Amino acid sequence: MDELDPVIHAAARLRITAALAAIDDGDQIAFPRLQEMLGMTAGNLSTHLRKLEDAEYVAVTKTHQGRSPVTYLELSRRGRRAFEAYTDQLRALLGGTGESS
Amino acid sequence: MQSEPGSSSHPRDDHDDDQPLDAAAMLAIVDDERRSMEKLTTSTVPVYYYVWGVAWLVGYLLLWMSWTESASPVHIPGVIAVPIFAALIVAGAVISAVVGIRSNRGIRGNSQFVGTVYGFSWTILGVAAAALGVAMINAGMPPEVAALYFPSVYAFVLAALYLAGAMLWGSIDQLVIALIVAFTGSVAPFFGAPDNYLAMSLIAGGALLVGGVVATVHNRRA
């Protein structure tokens, strides 16, 4: 079996990816809301998001609400596919008895 | 809903989070995040049930008690019962709107559209049902018939929107409540006024409160 995707195979980035994957397709989440959900520091979240963005797993939309800038995040199609492949691989490693997602 | 970022058992920033854990732990992370994301959307559901359950149970019970023809052991003057009923309904609408907007904060896209349309539907159908009632009163509908019309038409509005909710969010709870409330709205008028108010209070109000308890239990287990 291939090696696990190193972009996702780190606890923090897996948490971010899994959270984004759980948002309905076609929805985006604002950075502060995601940060609040994950309980991560803004700096830590940004660092890991950048790695996910560099791999084109996460799409970032910067916009303005009134005068304050807001960043919205979503999993790209590529990211969603990578996440599914990754969880399939994990389940296979564990004997293929994992629950369906 | 109060956001509680630290409520679930995530591994937080307290380890070297750039490192992978073993496969089972990584899979647990995936399930954890999916569950806490689901909680975001489902944690507010019981609030709607409780708010509307109390409004209907207490509100319609008071209306029933305000009728001299009712078998109520205690009589409450209409000048007290009607304003309290109205206040409960308005409070229900305001609380539902605020909770709905809060739970959607920070999310935009398809589900925001769904949530907004769903939210507006209550107002649109609520006002439409009231307008039809007023038109029928103007056309000569007597008060005892109006007393049959209004509770039932609002039961249908609620049932229709709970059916929509059941479709949108795949919720069996909402489907069951919609069916009970639609049934109550259809059958209650046969009791005549004011006993239809008592039926509304106990059956529809009761079903909503039971729905709240069921939804709370679901959320705890999730």
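## Surroundings of W64(B)

Leaving aside neighbours within four places in sequence, W64(B) is in contact with S70(B), S72(B), P194(B), Y197(B), L198(B) and S201(B); two residues count as in contact if their C-beta atoms, placed from the backbone, lie within 7 Å. The model is predicted: local features need pLDDT of at least 70, side-chain atom pairs count only at pLDDT 80 or more, and totals for chains, interfaces and linings use all residues. Residues are numbered from 1 along each chain as its sequence is written, while chains are lettered from A and ligands numbered from 1 in the order in which they are written.

## Nonpolar cores

W64(B) also belongs to the largest nonpolar core, which has 38 residues; W64(B), W56(B), V181(B), M200(B) and A204(B) are those with the most contacts inside this core. Such a core is a set of buried Ala, Val, Leu, Ile, Met, Phe, Trp, Tyr and Cys residues joined through C-beta atoms within 7 Å. A residue is buried if 20 or more other C-beta atoms lie within 10 Å of its own, exposed if 12 or fewer, and partly exposed in between, with C-beta atoms placed from the backbone. Two or more residues each come from helix 2 (45-66), helix 3 (78-103), helix 5 (143-169), helix 6 (172-187) and helix 7 (195-221) of chain B. Helix 2 of chain B supplies the largest share, 14 residues. Helices (H or I, at least four residues) and strands (E, at least two) are DSSP runs, numbered from the N terminus.

Apart from this core lies another, of 35 residues, including V7(A), I8(A), Y72(A) and I107(B).

## Chain B overall

Chain B contains 7 helices and 1 strand, arranged from the N terminus as α-α-α-β-α-α-α-α. Its C-alpha trace spans about 75 × 35 × 25 Å along the principal axes. Of the 222 residues in chain B, 31% are buried.

## Contact between the chains

In the interface, 32 residues of chain A are in contact with 31 residues of chain B. On the side of chain A that touches chain B, two or more residues each come from helix 1 (11-22), strand 1 (27-30), helix 2 (31-38) and helix 4 (77-93) of chain A. Helix 1 of chain A gives the most, with 7 residues. By class, this side has 17 nonpolar, 9 polar and 6 charged residues; Ala, Val, Leu, Ile, Met, Phe, Trp, Tyr, Cys and Pro count as nonpolar, Asp, Glu, Lys and Arg as charged, and the others, Gly among them, as polar.

## The sheet across both chains

An open sheet of 4 strands has the order 2(A)-3(A)-1(A)-1(B), with antiparallel pairing; strands pair if DSSP finds at least two bridges between them. Strand 2 of chain A and strand 1 of chain B stand at the edges with a single partner strand each, so one side of each is left without a neighbour in the sheet. Between strand 1 of chain A and strand 1 (residues 107-109) of chain B there are 3 bridges. I29(A) has I107(B) as its bridge partner, and Q28(A) stands opposite R108(B).

Helix 1 of chain A lies across strand 2 and strand 3 (68-75) of chain A, at about 85° to strand 3 of chain A. Angles run from 0 to 180 degrees between N-to-C directions, and axes are lines fitted to C-alpha atoms, for helices over the stretch in contact.

## T61(A)

T61(A) is found in strand 2 (residues 58-65) of chain A. This residue is exposed, because 12 other C-beta atoms lie within 10 Å. Not counting residues up to four places away in sequence, T61(A) touches Q28(A) and Y72(A).
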